[in-house]
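Biologist: Please show me how to read a chain, one feature at a time.

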Amino acid sequence: MDYVSALVPPVVMAAFFIGLVRVIVKTQGGAAKAKEDAAVDAALARAESAGQAAAKADGV
């Protein structure tokens with residue numbers, strides 16, 4: 001029985017890892033990709049405009 005208890009943790013971790021990889025692969029692309037890309041672009045634009053506004057306020 002010791003061999004079963006020794007093999008269970010790696011098998012469980014491997015199963016979770018395979019599940020994680022499948023979820024990551026499934027969520028790449030598709031309809032959600034455009035929405036995620038737009039959200040990232042908007043966040044970058046906000047960060048850039050905030051940085052420019054701070055530079056103008058400092059008189060640089």
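Predicted model: local features only at pLDDT ≥ 70, side-chain atom pairs only at ≥ 80, totals over all residues.

Modeller: Residues are numbered from 1 along each chain as its sequence is written, and side-chain values use heavy atoms, with hydrogens and water left out.

Biologist: How many helices and strands does the chain have?

Modeller: Helices (H or I, at least four residues) and strands (E, at least two) are DSSP runs, numbered from the N terminus. Here the chain has 2 helices and 0 strands.

Biologist: What share of the residues count as buried?

Modeller: Buried means under 20% relative accessible area, exposed over 50%, and partly exposed in between, with a 1.4 Å probe and protein chains only. Of the 60 residues, 0% count as buried. Ala38, in helix α2 (residues 31-57), has a relative accessible area of 44%, so Ala38 is partly exposed.

Biologist: Why does the span of α1 agree with its number of residues?

Modeller: The expected span is 1.5 Å times one less than the number of residues. Helix α1 (residues 2-27) has 26 residues and should therefore span 38 Å; its end C-alpha atoms are 39 Å apart.

Biologist: Where is the kink in α1?

Modeller: The bend at a residue is the angle between axes fitted to the seven residues ending there and the seven starting there. In α1 a kink of about 30° lies at Val8, shortly before the proline Pro9. Just after α1, Gly29 has a positive phi of about 80°.
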